[in-house]
Structures are given as structure tokens and as C-alpha cells.
Amino acid sequence: MQVTVNRKDIKFYPDASRKIARFLYTGDERALNAIRSVLNLSETSVSQTLSPVLRDYSLRHRNISKIFEKHFNRIAHLLKQLGTEPESLNISQKILIGSYFTMEYSIEAAAFFNPSIVEHPDQSEIGKDGKRVILSFRATGEGHISSIVFRTGVLDKNNNLSLEPVGKMLEEAEHIRRHVYDKTSFSAKLNEMKDIHAIIPSGLILDKLNDKFTYGELRDCIKQARSSLHLTTEKEALFNQITWLASSHYELEFSLDTNISERVIFPVSVNEKNGIEDARFVKFTNDNNETSYYATYTAYDGTAILPKLLDTKDFYHFRVLPLHGEIAQNKGMALFPRKVNGKYAMLCRLDGFNNYIAFSDNISIWRKATLLQKPKFPWEFVQIGNCGSPIETPEGWLVITHGVGPMREYVLGASLFDLQNPEKEIGRLKSPLLIPNANEREGYVPNVVYSCGSMIQNEDLIIPYAMSDYASTYATVNLRELLNELKRSK
């Protein structure tokens with residue numbers, strides 16, 4: 001029996017008008033030429049040049065002069081090469097120079113896809129049977145660099161979604177705070193990565209640091225080692241690896257006057273420079289019945305991937321850290337919404353084509369996993385994976401899966417696992433739950449439907465999903481009908 005899927009009319013399309021103001025740097029020589037040219041302008045010329053820039057771009061960005069000043073501060077050290085102290089410049093000169101080191105980046109011009117959905121922490125002024133929700137998306141712009149963005153809306157009693165207004169003044173985090181590292185855990189994570197240490201010991205750097213150290217202290221130590229040691233290829237690779245790992249810990253804080261649709265989690269660390277991919281958000285309840293929101297995602301630097309974890313309570317302040325452990329080396333990790341038998345639980349895909357489950361006493365350390373599912377049906381013979389965190393129901397843990405079959409067609413499936421022992425499969429749909437239809441199969445990557453997280457509301461399963469890696473929509477499925485079919489499919 002085929003489960004009934006109710007596709008909704010709402011579509012989320014890429015919007016090229018949504019952009020952020022990014023720092024632009026093309027090398028010291030060109031930077032010095034631009035700075036020198038501004039310094040040679042008269043006070044009147046500075047004002048005449050700056051005025052139209054502020055007039056035009058203040059309509060496109062919140063507090064653009066503050067952004068220009070921040071970008072000036074990033075290159076201010078170059079002024080000393082021109083015999084000028086940064087403090088000697090007036091504010092107009094600083095802001096004008098900063099504008100030459102700023103560019104607009106359209107964050108979602110190419111694609112708006114791979115959504116997840118969670119309950120909003122603010123449920124005020126919502127009518128009966130309604131629920132305010134947050135949808136996260138993978139937004140992709142020039143160069144296929146991915147970031148995380150959000151939309152909010154309210155589901156009514158029929159689970160029709162009314163979108164709340166979308167802001168146009170997008171912002172990256174107002175503050176970025178680096179992490180304080182513990183030498184023992186940092187060294188352990190380093191040892192889980194590549195086998196360079198067999199050639200060059202990491203103690204070459206770490207032995208010179210205190211038990212607790214900052215990113216800046218580590219960076220200075222590496223800089224000193226580079227200048228004093230004869231660098232082989234292996235040493236240089238080790239230094240890059242240490243820096244790559246250290247840069248992956250940070251905290252983000254957004255201004256309180258931003259709408260959530262204006263907050264952009266854009267790559268910050270070196271290991272994310274080519275994108276933040278496929279955030280799987282989940283509302284997590286701890287042992288004290290306190291709520292946090294976690295998201296597992298994949299950091300990509302163009303060559304290697306690193307699974308990472310976002311942690312927030314309010315979607316203003318985010319903590320970011322890598323996931324440690326031998327199994328935290330692949331895409332598609334999805335956290336359970338609570339502990340299971342006293343341990344954190346995670347779905348993962350170690351080998352690229354099977355589903356696994358892992359348990360841990362520490363939310364950021366994952367060392368062992370057990371095989372959970374193999375491809376079983378023709379529509380998943382290439383691979384099977386999760387489409388977000390498991391959802392707790394009275395009948396068991398509901399997991400939406402993706403399967404890849406002929407012609408690299410991605411479809412959605414569903415499985416049910418025992419609440420007390422989620423390694424035990426209760427049932428699994430024999431046919432796909434959702435297949436790309438004629439309107440969904442054309443896009444950046446044809447023949448793909450994909451989701452990063454669903455939720456239950458008003459006795460329906462709400463599934464947001466991407467259409468061929470270009471745009472997104474959502475569908476609903478009657479939960480009782482789905483659970484009954486899963487139990488029959490055992």
C-alpha cells in the first residue's frame with residue numbers, strides 16, 4: 001500500500017537580491033595601491049567619492065559604514081608600509097578605504113535547498129493548534145559556496161504554512177569568538193586525522209603550549225616554528241593540519257535587531273571555506289528537561305570534509321565545534337532528540353552507502369558505530385542514508401531516509417526503530433515515500449528529492465524537502481497511516 005503524500009503549494013526559490021557584504025582581498029600589492037590612491041585624495045575628493053557609495057549601499061545593507069570600518073581594520077597594518085599610522089586617518093578616509101576591501105555576495109543566487117524544520121523557541125501569539133516553526137536551508141551562491149539561512153512561519157491546524165516576513169538586510173554574525181583549547185583533547189582529535197604524525201610529531205608545536213591555549217597562541221607558535229625551522233613538505237602539511245583543526249572552534253553572535261531570516265551562518269574557519277553543507281537541526285531535550293537546538297553539518301574546504309556541530313538556544317548565539325572520534329569522518333550525521341538509555345545517540349554513514357548508529361557519553365566524541373541498515377530495495381541499491389534526526393513517536397523512532405537508485409535518482413523512504421533499542425528495526429517501507437515528480441526533477445542536480453529534518457504537528461509528519469538541489473518545498477503525511485504501514489512492512 002502506498003502512503004498518501006500531500007504536497008503543498010509553497011515553494012522556496014533562490015533570490016539573487018539577498019546578499020551580504022564580504023571582505024575582499026586580492027593581495028598586498030593591489031591593496032597598497034588602493035590605499036595609496038585614497039591617501040593622495042584631498043579631503044573634498046574623499047567626501048565626494050564616499051557620498052554616493054554610502055547613499056547607494058546603505059539601502060542594501062544595515063550600517064554599511066560600520067562594515068567598511070571593520071574591513072579597514074583588517075588591512076590597517078598595511079599603512080605602516082606606506083609610512084602612515086592608521087590612527088592619523090580621519091573616519092571618512094578609513095571608511096572609504098574599507099569600501100575598496102568590500103564586495104557583495106549573493107548567498108542564494110544559485111540554489112536554496114536541503115531544508116530542515118524545528119519548533120520555534122518563541123510560541124507567543126499563536127492561535128489554537130498553530131505552531132511557529134523555523135526552517136533552515138543550505139543557500140548556495142557564486143562558486144557554489146554554501147551557508148546556512150533561515151525562514152520562519154506558522155503552521156495552522158491543517159498544517160498549511162503562513163510564512164512570516166522575510167528581511168532583506170542580511171548580516172553575518174556581529175561577533176566571532178575563538179575557542180580556548182584543551183591540549184589533551186586537541187591532540188587526540190589531531191591523532192584521529194591523517195597519519196602525518198607518524199612522520200612528524202605534533203609535539204613539535206603542542207609541547208610549547210600550555211595545557212589550555214587560544215587560537216592566537218597556537219597561530220603565533222606555528223608562525224615562530226615556520227620562521228625558525230627548516231620546513232619539509234611533511235612539516236608544512238602538519239602545520240596546516242593543526243591550523244585547520246584549531247580554526248574549526250568558534251562562537252557566533254548576531255545582533256538583537258536582526259530578524260532570523262536576515263542571519264547568515266557563512267563559512268568562518270579554514271575548513272569551511274568551500275561551504276557549510278546540509279545542516280540537520282533538531283530540538284534536543286536534556287536530562288533536566290532543558291531544551292537546546294543542535295545541528296550537525298559538514299564543513300568542506302575543497303578537499304577534505306569535517307563533521308561539525310552547531311549549538312544554540314535562541315538562534316542569536318551559536319557555538320560551533322568539530323565532532324571528534326573515529327566515526328566522525330563522513331557526511332550525514334544526525335543526532336537523536338534526547339539521550340537513549342543514558343547516552344547520546346547518532347545516526348551516521350561511515351562507508352558512504354549503509355546506515356549506522358552510534359552511542360556516546362559525550363556529545364562531541366563518537367568512537368564506535370553499529371551497522372543499522374543496508375540497501376535492500378532497488379530504489380536504494382546505490383546507497384541509503386538518513387534525512388535528518390530520528391523523530392520519537394509512541395510506536396518507535398521514525399527515521400526518514402534517502403535512497404539512491406537507477407539514474408542516480410534520490411527518493412525518500414521511511415523506517416521505524418524500537419524506542420528502547422533503536423538498533424532494532426520494526427519496519428521499513430518497501431516503496432519510496434516520495435519520488436521526484438515532473439515538477440521536481442529538473443534543477444541543478446536532476447532527479448533528486450532530499451530533506452535534512454522533519455517534525456510532527458497536528459498528527460501529520462511535516463517533511464520539508466529540496467527539489468533537484470535548486471529550490472525547496474514541503475509535504476505532509478498522516479502519521480497514523482505511515483506508522484501503520486511501517487508496522488505492516490516488517
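Predicted model: local features only at pLDDT ≥ 70, side-chain atom pairs only at ≥ 80, totals over all residues.
User: Which residues make the contact of helix 3 with helix 4?

Analyst: From helix 3 the contact takes S65, F68, E69, H71, F72 and I75, while helix 4 contributes I91, K94, I95, I97, G98 and S99. Sorted by class, the residues of this contact are six nonpolar, four polar and two charged.

User: What volume does the largest pocket have, and which residues lie nearest its centre?

Analyst: The volume of the largest pocket is about 1,200 Å³. Its lining consists of 40 residues, and R22, K70, H71, R74 and E172 are the ones nearest the centre. Strand 2 (19–23), helix 3, strand 3 (102–106) and strand 8 (175–178) are the elements that give two or more residues to this lining, and helix 3 supplies the largest share, with five residues. By class, the lining of the largest pocket holds 21 nonpolar, seven polar and 12 charged residues.

User: How many cavities of 30 Å³ or more does a search of the whole structure find?

Analyst: The search finds one such cavity, and the space in the largest cavity comes to about 60 Å³. Among the residues lining the largest cavity are D278, R280, T296, Y297 and K308. Strand 12 (276–285), strand 13 (291–300) and strand 14 (305–312) each give at least two residues to the lining, with the largest share, three residues, coming from strand 13. The lining of the largest cavity divides by class into four nonpolar, four polar and four charged residues.

User: In what order do the strands of the open sheet of four strands lie, and which strands stand at the edges?

Analyst: The order in this open sheet is 16-17-18-19, and the pairing is antiparallel. Strand 16 (334–335) and strand 19 (369–373) stand at the edges, where each has a single partner strand, so one side of each is left without a neighbour in the sheet. Strand 18 (residues 355–360) and strand 19 run antiparallel and are joined by four bridges.

Terms used
Residues numbered from 1 in each chain as written. Heavy atoms only, no water. Contact = heavy atoms within 4.5 Å. Nonpolar A, V, L, I, M, F, W, Y, C, P; charged D, E, K, R; others polar. 1 Å grid on protein atoms, 1.4 Å probe; cavity = no way out; pocket = protein on both sides within 12 Å on 5 of 7 lines; lining within 4 Å. Points joined across faces, edges and corners; volume = space filled by probe spheres on them. Pairing = 2+ DSSP bridges.
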